[in-house]
Amino acid sequence: MIVSCLCYLLLPAARLFRAISDAFFTCRKNALLAKSSTPQVEGDFAMAPRGPDQEECEGLLQQWREEGSSQVLSAVTEDPLADKALAQSSLAVLMDNPGEQDAASEDKWSSRQLSDLRAAETLEEPFPQVLGEALVSEVEAPVWAAVPVQTGSQYEHCAVLPMGALATEQWEEDPAVVAWSIATEPLPQQEMPIWPFEGLEQLQPPPMEIPYHEILWREWEDFSTQPDAQGLEAGDGPQFQFTLMSYNILAQDLMQQSSELYLHCHPDILNWNYRFANLMQEFQHWDPDILCLQEVQEDHYWEQLEPALRMMGFTCFYKRRTGCKMDGCAVCYKPTRFRLLCASPVEYFRPGLELLNRDNVGLVLLLQPLVPEGLGQVSVAPLCVANTHVLYNPRRGDVKLAQMAILLAEVDKVARLSDGSHCPIILCGDLNSVPNSPLYNFIRDGELHYNGMPAWKVSGQEDFSHQLYQRKLQAPLWPSSLGINDCCQYISSCCTKRSERRKYGRDFLLRFRFCSIACQRPVGLVLMEGVTDTKPERPAGWSESVIEEDISELEPVFPRTIGTIQHCLHLTSVYTHFLPQHGRPEVTTMPLGLGMTVDYIFFSNESCENGNRTDGRLVRDGTLKLLGRLSLLSEEILWAANGLPNPFCSSDHLCLLASFSMEVTAP
């Protein structure tokens, strides 16, 4: 009778420790699997291989069970309510200190241990209540699960890149660790991390199955009728139609120098070979007639870009930045549509001028459109195309204005016709200025009052008004030695050779004989008969201003205004910088997750006398007409696509594309 009572009392303790042992080895098993370097996992779970230390493990387990049983037996006899607390504390200790035992030896399972565990798992009868003891509640523990590895091409069909891709990079040396991880509690949809930048309220990402080309869908906005197959449009008269693309393609060396800007990108999509293939697909898809590129790395241009573009039918011109910079600007055109008249590279660096000590460059081409022979004797005005990448520094608006003045002066020289007017002009590139900033307004309106303006305010990129010291623009903005006046035009007389030695021969001195000064009687001249009593008579055909013209060449004609610069090119932007259907501003780039517009395509036009236009455009079509444009995207849409670059767009800028037409006139 006594023996049966004793067994009746020991039965709950044995079952309790069997359950603790089950939980212990289950947790240890999964912890060892998480640390295992096994590269392959069979099925949903995997078990570590058996080893030679099985007998030692069994002995340690049996000793641990015997010692624990004796302690719990005494505890049960003294306090029948203590076994619940003991179970919870014992399991907590085992879970908090999983590394005290040898991980390799504890994971080698014997057949007896497996049978014991299976028996414990299938045991369904409840624990009997002894001396009023409450039932032992189930101990809460972390749930361990097998997480499948994200294998295969994660960019297949332009699928959205997993947001947790960066989190697994630290485990690349051990694929088994990547495959096994503790299953976390699913977070609410509004609390899931969607962007690696702190302090930004952003939208939730779209479902993972939505391809990038649907997220980044860009519509073509057509402003005119459909042209015919020859690229000529019917209407009031024949029109020559062409398309132009401006694209900052992100130089690889600049990306590597500023790697902190691209932490949200998976390394695979930042690889140049991957980006180059994507860029070429964009060029082939949109198939522009003129291609203006910025941030073109020199070695990539000569080794890959130029040969590939030449195979696509382009003729390319490239200008590398001055100094030690390895990127530059390129302008490519199709010789089947245009004939080159002249190409003018522009360097903004001027030795000895602190205002122009930066290495940015530009490129200006004058192209002659080629019309089909079937139209007979017709002609099209030349087209001037300018491409540039202006200084980025938001604090140096004075440098930006000086660089833009040099480019506008070059465009004025190249595009000026014999009658003093200008041919159609397209100016595009990365101007590192936001819409409606002073620099933007200067290009669009043709005038800027800059005297006393803070330099940071010129581009509008950042607000430095809180800083105590602010560089302010002073008049004149650039020295007269630059050779450019305040109307952004070259002054030919500013480079007069003052040091040139004149040969004072007989012919030179005779030019003073009948000049205006020589024919005037000086005041106070003593009248002497036969000497000063007669006035020289100027021979017929002798110019009165011969000497005056020579004297004027000695002094440069350089009119300067006080704190105002101007230009007369009549430019306007292709884009309106606002998306009315979304109620959001347009975005061309997203540095650090902040969308802004810094890329532009300007074209020559004439302003309307009144603003009553139903189509929203406040310009009157002249010889250059805007036919359509590729729509831009909002900041929220780019957030949903994980910013720029991404697997679909391989630059940190969006490409700009516009279609134009030019009047075809009879000679």
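This is a predicted model: local features need pLDDT of at least 70, side-chain atom pairs count only at pLDDT 80 or more; totals for chains, interfaces and linings use all residues.

Residues are numbered from 1 along each chain as its sequence is written, and side-chain values use heavy atoms, with hydrogens and water left out.

**Overall make-up**
- The protein has 15 helices and 22 strands, where helices (H or I, at least four residues) and strands (E, at least two) are DSSP runs numbered from the N terminus.
- Of the 667 residues in the protein, 43% are buried, with buried meaning under 20% relative accessible area, exposed over 50% and partly exposed in between (1.4 Å probe, protein chains only).
- The accessible surface of the protein is about 36400 Å², and 55% of that belongs to carbon and sulfur atoms; these areas come from the Shrake-Rupley method with a 1.4 Å probe, and for residues only the protein chains shown count as cover.

**Strand β5**
- Strand β5 (residues 290-297) is largely enclosed by the rest of the structure, because 8 of its 8 residues are buried.
- Strand β4 (residues 239-248) runs parallel to β5 and is joined to it by 5 bridges, whereas β7 (residues 327-333) runs antiparallel to β5 and is joined to it by 6 bridges; two strands pair if DSSP finds at least two bridges between them.
- Leu291 in β5 is the bridge partner of Met245, and Leu291 also stands opposite Cys332 in β7.

**Helix α12**
- Helix α12 (residues 438-445) has buried residues at Pro438, Leu439, Tyr440, Phe442 and Ile443.
- The cover over these buried residues includes α11 (397-415), β13 (447-449), β14 (564-566), β15 (571-573) and β18 (599-604).

**The loop residue Val526**
- Val526 lies in the loop between α13 (506-510) and α14 (546-554), and Val526 is exposed, with a relative accessible area of 57%.

**Ser659**
- Ser659 is in strand β22 (residues 656-665) and is buried, with a relative accessible area of 2%.
- The side chain of Ser659 makes a polar contact with the side chain of Gln241 at 3.3 Å; a polar contact is a pair of N or O atoms within 3.5 Å, where within protein one must be able to donate a hydrogen and the other to accept it, and residues adjacent in sequence count only if both atoms are side-chain atoms.

Notes: Contact means heavy atoms within 4.5 Å.
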